[in-house]
Amino acid sequence: MTDPTPNPRGARERALALVDGCDHVETLEELTERIERGRPLRVYLGLDPTSPDLHIGHAVVLRLLQRFVDDGHDVILLIGDFTARIGDPSGRNVMRPPLSDEQIVANMQTYATQAGMVLDMSRVTLMYNSEWLSKLTFSDLYKLLSQTTVAQMLERNDFKERYETGTPIALHEFIYPVAVAYDSVAMHVDVEVGGSDQLFNLLISRPYQVHAGQEPEICITVPLLVGIDGRKKMSKSTGNHIALTDPPNDMFGKTMRIPDEVLPEYARLAVCWPSSRVEALASGLKNGTVSPMDEKKRIAEDLVALYHGRDAARAARDRFERTIQRGEIPAEMPELPLAGRNKLVDLIVAAGFAESKRAAARLVGEGGVRIDGTVVTDPAARWTAAGPAVLQVGSRKFARIIP
RNA sequence: GGGUCGGUGGUCGAGUGGUUAAUGGCACCGGGCUGUAAACCCGGCUCGCGAAGGCGAUACGCAGGUUCAAAUCCUGCCCGGCCCA
């Protein structure tokens, strides 16, 4: 993969194409200059395996990496198995508890396979930062830490905010950006990419590299995708994410729940509509000439198509229109054997539609439960259907109960 | 190390000895209106048992104590903010 792909285009043009749609490039001139040399660049993205799933927000930066792959560069996906143990404080106002080794190992595996849904992993090198970080001695760390001042650290927005509001900042949190900077030194990279919340962590690498006698890396950040709540950045822990592995119907349904205001963002970042189309959408929404719901369905369908294929996308749309918009009972749903149970609440819990029997009883009392389309409001109800019947909770949870 | 203030449910934040799992906001869930959007309205939001009225368990940093009764008082411990060193 180190064969330089002959590329007739000019370096400037290539650089511009690579960073199209990105938030911040530090700096475009350096990128252009380095491409000009003709050597494939070492480009990397660091991901801390802190959650079992990647989501469509991660896909934005993974696509940027794929652009580098396509442009003939050496792309590294760095799994932050060591830094995951420290915890990145970015964007958080509380300390995050360190993960257990088992969780980290499990997450690393899913990250690598899930990244493959966007990235051509056969042309990407996987690396793990424990390889060098775990070998640093205390005196190595001392030397590294002496290169950054507390004032520089406090410049970072979330540190400043936490400091000013009296939210605890543990000393080890300051080490995270240093560790990430050392990754860049250890791998001797040319380019680092990340989400815009990582800009500080990326930039801090540059002086470290210079100190180590290397050229500073070019830092490129991509916009963060907002979560389906339309407010906070997408993350698993906030529960506002669409996972890459979400089944088609969930992916479609979650997309339909996003607020209208963020449709252009989703069109651009989640489904990569060309900017002309995104602009048309934005202005059409503003002056009321396009139907938000129709556009939302298009985006939802495109999103599903991206990860599950066009057929699945059409099926998801069809299912949505039938069951949600027209209130029909879906053709396919999970089956649940009665298995001797006869209390309605037990079945709701067994189907996974409620966390406890009391919660199930509340749902029933609230009129949120139907059997074969008929609302049941008695929390003490017992199952009386002789044949298979459809249990429905809320508008979108269905199970076929088999006697 | 000294002083001082504080640690309440997913989150923020009331409550400072006495019906009641504990006011309120946010988040979340169900229902209504809708476009599984927004706004708005209603209800819910610890768990288990019981056909039901109900019963029981657990919960306000942790552990003890005082009291008929404690989130609320006392002691010790743990954790944090601020000030001083």
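Buried here means under 20% relative accessible area. Aspartate 53, at 16%, is therefore buried. Keep in mind that this is a predicted model.

Aspartate 53 has a partner: its side chain meets that of lysine 236 in a salt bridge, 3.5 Å from N to O. Lysine 236 sits in the loop between β6 (218-222) and α12 (248-256), while aspartate 53 is in the loop between β2 (42-47) and α3 (56-70), so the pair ties together parts that are 183 residues apart in sequence. Lysine 236 is partly exposed, with a relative accessible area of 34%.

How many salt bridges are there in total? The count comes to 23. Three of them, side by side:

| Pair | Closest N and O atoms |
|---|---|
| Aspartate 190 and arginine 34 | 3.1 Å |
| Aspartate 311 and arginine 314 | 3.6 Å |

Now for aspartate 190 and arginine 34, a salt bridge at 3.1 Å. Aspartate 190 belongs to the loop between α9 (171-187) and β5 (191-195) and arginine 34 to helix α2 (residues 28-36), so this bridge links parts 156 residues apart in sequence. Both residues are buried.

Aspartate 311 counts as exposed at 61% relative accessibility, and arginine 314 is partly exposed at 46%.

Some bridges also share partners, joining Glu33, Arg34, Arg37, Arg39, Asp190 and Glu215 into one network.

Technical notes
Residues are numbered from 1 along each chain as its sequence is written. Chains are lettered from A and ligands numbered from 1 in the order in which they are written. This is a predicted model: local features need pLDDT of at least 70, side-chain atom pairs count only at pLDDT 80 or more; totals for chains, interfaces and linings use all residues. Side-chain values use heavy atoms; hydrogens and water are left out. A salt bridge is a side-chain nitrogen of Lys or Arg within 4 Å of a carboxyl oxygen of Asp or Glu. Helices (H or I, at least four residues) and strands (E, at least two) are DSSP runs, numbered from the N terminus. Buried means under 20% relative accessible area, exposed over 50%, partly exposed in between (1.4 Å probe, protein chains only).
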